[in-house]
Amino acid sequence: MALTLYVDTARWRAHHKHVQDSFPGLVPVCKGNGYGFGHERLAEEATRLGSDILATGTTYEAAKLKDWFGGDLLVLTPFRRGEEPVPLPDRVIRSVSSVDGVYGLVGARVVIEVMSSMKRHGVSEADLPQLHTAIENVRLEGFALHLPLDRTDGSDAVEEVIGWMDRLRAARLPLHTMFVSHLKADELTRLQQQFPQTRFRARIGTRLWLGDHEATEYRGAVLDVTRVSKGDRFGYRQQKVASDGYLVVVAGGTSHGVGLEAPKALHGVMPRAKGVARAGLATVNRNLSPFVWAGKQRWFAEPPHMQVSILFIPADAPEPTVGDELVAHLRHTTTQFDRLVDN
């Protein structure tokens, strides 16, 4: 009995191909928990796509992926002097976001990140004159620009890239390759047409692996069902059942990521109101689970355990049976499955 990730493999791969066709020179991204699929599986899918390069989050991830992916590996976390050395092959490319970082990578293959409106990290325009000397002792693979997802100020992503292309060109720095993130396909086309001598390569993770929501589904298996009456005590804290119904033990707990929700940015009055309502319910131990039964998302009976969750199903709903599977609405990037089944 397990928490299972079911994948409609043909549909999933058709989506990969669509994204690849829309973004020539695509650089697949595999980081964190492998977007819910695991590093080894995504390395296989990147190989299937014929990718010559795979981006990963950290040097530790690159050390694992080198055994599963035969092409180049681009580490997205910028190099910092004093970081723990990790043995990596020459086909690993390091990102760097400072002039000092470039000097610290003599002989290495590097991609230089420039500061975008994200304001996360990157070389500033004022640093560009110093790069001429710094890049003489590295193998420059290109520059990179990591763009924001939302532009609430109405600014144009393409114009931001063009601005940096103009600055780099004015500084007489090589512009053979520019790695970009969070551009639309038509925006990438516009840039490629305007700068035909530069190869633009889109680094894509979420849109590639998770862009077709209907291609994947999590389900937790029912392990036990116990009929209860109003007032019965149950669980670790011996709370009372509020009404007649069933306590349902389902595969999927905190070790899988169930109940561990990442913070969300809320936009608009209604989402904020719902957030306040959920917080209010949580203060009286009412927490909605990600599991669905008989067409409704069901409540946790108590906080999820390490490997299972206990749900309360009211008496007016159909009684689940051991072996049934409940669809679970889980975030791929925070979920660890017990098994993956290709359909």
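Five charged residues, Arg13, Arg41, Glu45, Arg48 and Asp342, join up in a network of salt bridges. The model is a predicted one, and a search through the whole of it turns up 22 salt bridges.

Some of these bridges reach across the sequence. Asp90 and Arg139 meet through their side chains, with N and O 2.6 Å apart. Asp90 sits in the loop between strand E4 (72-75) and strand E5 (92-96), while Arg139 belongs to strand E7 (residues 139-146), so this bridge ties together parts that are 49 residues apart in sequence. Asp90 has a relative accessibility of 49% and so counts as partly exposed; Arg139, at 37%, is partly exposed too.

Arg190 and Asp156 make another such contact, this one at 3.9 Å from N to O. With relative accessible areas of 36% for Arg190 and 30% for Asp156, both ends fall in the partly exposed class.

Lys66 and Asp67 also form a salt bridge, and their closest N and O atoms are 3.3 Å apart. Lys66 is partly exposed at 26% relative accessibility, whereas Asp67 is exposed, with a relative accessible area of 58%.

Turning to the aromatic residues, the whole structure holds three aromatic pairs. In one of them, the ring centres of Trp12 and Trp209 are 6.2 Å apart and the planes make an angle of 45°, so the pair counts as tilted. Trp12 is part of helix H1 (residues 9-22) and Trp209 is part of helix H8 (residues 206-210), so the pair ties together parts that are 197 residues apart in sequence. Both tryptophans are buried, and together with Phe37 they make up one aromatic cluster.

Rings also pair up with charges. Arg219 has its charged end over the ring of Tyr6, 3.9 Å from the centre. The charged end of Arg167 likewise sits over the ring of Trp164, at 4.9 Å from the ring centre.

Methods. Residues numbered from 1 in each chain as written. Predicted model: local features only at pLDDT ≥ 70, side-chain atom pairs only at ≥ 80, totals over all residues. Heavy atoms only, no water. Phe/Tyr/Trp six-rings, centres within 6.5 Å; stacked < 30°, edge-to-face > 60°. Helix = DSSP H or I, 4+ residues; strand = E, 2+ residues; numbered from the N terminus. Buried < 20%, exposed > 50% of the residue type's maximum accessible area, 1.4 Å probe, protein only. Lys NZ or Arg CZ within 6 Å of the ring centre and 35° of its normal. Salt bridge = Lys/Arg side-chain N within 4 Å of Asp/Glu carboxyl O.
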